[in-house]
Amino acid sequence: MRAPENLLADCSSCFGLCCVALPFAKSSDFAVDKAGGQPCRNLLEDSRCGIHSSLREKGFSGCTVYDCFGAGQKVSQSTFTGQDWRQQPSNSSEMFAVFPVMRDLHELLWYLADAHDRTSTAALHSRLVHEYDELDALTSATPEILMSLDVSALRSRINNVLLEASELIRAEVTGKKKNHRGRDMIGAKLAGADLRGASLRGAYLIGADLRGADLRLADVIGADLRGANVRGADLRGCIYATQFQINAARGDSTTQLPESLTRPDHWA
């Protein structure tokens, strides 16, 4: 059950939802303030970005980091059957409300697929498939049902099996493993650190120095890697790693990535 193509963003099949539905504040990531539901000033009529090739240079580095897990095309082409919010203004408020819900559902599907693809989780495969199928069915629900979902409750339920899977996978690493779950490790000096099989769930690794660190089979679900230096780091087999996290970190050609993720264009 490898993560299917529909969990990968396809901007060409989306109505620029991340550029409209989501708010952002003027900061080092965004050059201006924008309210949720307000189109970004750089969004063109064909739903493409007018400064796509120079986003970082023009102060919109946050756009190069974001990943919707394929929620954009799902909402655009499936939930709203290809009806653009421009042509159907009456749908816009619902579409913008459904988009972040769909992104959360797709993110959870990504984690379930990752857990299922590990040989060490064989004992949990039936549960993982059951959770995946139920969640996948929800992504095809009506806008009304999607907007009424308690996503927090879904996350809490699914996190139980994800945690069990993580423990089985990390058990492949022998010896005592580090537990940094939820820790404030902002700016931590971890160059060359042995973090194999570590729990970094929800850890704050903003700006951390992870050059040459070994993170194989580390659980990084929810870890904040913004600005973390992962040049030369080994991230192969990282559990629950996402493209969003990789995009937010600072790596290069020597960074070793999980098979399911791609090297960002803005990396050196």
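**View 1. The largest pocket of the predicted model has a volume of about 1,400 Å³.** Of the 48 residues that line this pocket, those closest to its centre are Cys-11, His-52, Cys-63, Thr-64 and Tyr-66. Sorted by class, the lining of the largest pocket divides into 25 nonpolar, 16 polar and 7 charged residues. The structure shown here is a predicted model and should be read as such.

**View 2. The structure holds 1 cavity of 30 Å³ or more.** The largest cavity has a volume of about 70 Å³, and its lining is made up of Leu-200, Leu-205, Leu-210, Leu-215, Val-220, Leu-225, Val-230, Leu-235, Cys-238, Ala-241 and Ile-246. What classes of residue form this lining? By class, the lining of the largest cavity has 11 nonpolar residues, with no polar and no charged ones. A reader may ask how such empty space is found at all; rolling a probe the size of a water molecule over the atoms shows where empty space is left.

**View 3. Helix H3 covers residues 92-116 and bends at Phe-99.** The bend at Phe-99 is about 25°, and a proline, Pro-100, follows within four residues. Because 20 of the 25 residues of H3 are buried, this helix is largely enclosed by the rest of the structure.

**View 4. Helix H6 covers residues 151-170 and bends by about 30° at Asn-159.** At 1.5 Å a residue, the 20 residues of H6 should span 28 Å, and the end C-alpha atoms of H6 are 27 Å apart, which agrees with that expectation. The buried residues of H6 are Val-151, Leu-154, Ile-158, Val-161, Leu-162, Ala-165, Ser-166, Ile-169 and Arg-170, and what covers these buried residues includes H3 and helix H4 (125-138).

**View 5. Gln-243 is found in helix H7, which covers residues 243-248.** Is Gln-243 buried or exposed? Gln-243 has a relative accessible area of 14%, and because buried means under 20%, this residue counts as buried. Not counting residues up to four places away in sequence, Gln-243 touches Asp-67, Leu-261, Thr-262 and Pro-264. Gln-243 and Lys-189 are 54 residues apart in sequence, and their C-alpha atoms lie 23 Å apart in space.

**View 6. Asp-214 is found in the loop between H6 and H7.** With a relative accessibility of 15%, Asp-214 counts as buried. Which residues does Asp-214 contact, leaving aside its neighbours within four places in sequence? Asp-214 is in contact with Ala-193, Asp-194, Leu-195, Arg-196 and Asp-234.

**View 7. Asn-91 lies in the loop between H2 and H3.** Asn-91 has a relative accessibility of 15%, and therefore counts as buried. Once its neighbours within four places in sequence are left aside, Asn-91 is in contact with Phe-80 and Gln-83.

Technical notes. Residues are numbered from 1 along each chain as its sequence is written. This is a predicted model: local features need pLDDT of at least 70, side-chain atom pairs count only at pLDDT 80 or more; totals for chains, interfaces and linings use all residues. Side-chain values use heavy atoms; hydrogens and water are left out. On a 1 Å grid over the protein atoms alone, a cavity is a set of points where a 1.4 Å probe fits but cannot get out, and a pocket is an open set with protein on both sides within 12 Å along at least five of seven lines; lining residues have an atom within 4 Å of a point. Grid points are joined across faces, edges and corners, and a volume is the space filled by probe spheres set on the points. Ala, Val, Leu, Ile, Met, Phe, Trp, Tyr, Cys and Pro count as nonpolar, Asp, Glu, Lys and Arg as charged, and the others, Gly among them, as polar. Helices (H or I, at least four residues) and strands (E, at least two) are DSSP runs, numbered from the N terminus. The expected span of a helix is 1.5 Å times one less than its number of residues. The bend at a residue is the angle between axes fitted to the seven residues ending there and the seven starting there. Buried means under 20% relative accessible area, exposed over 50%, partly exposed in between (1.4 Å probe, protein chains only). Contact means heavy atoms within 4.5 Å.
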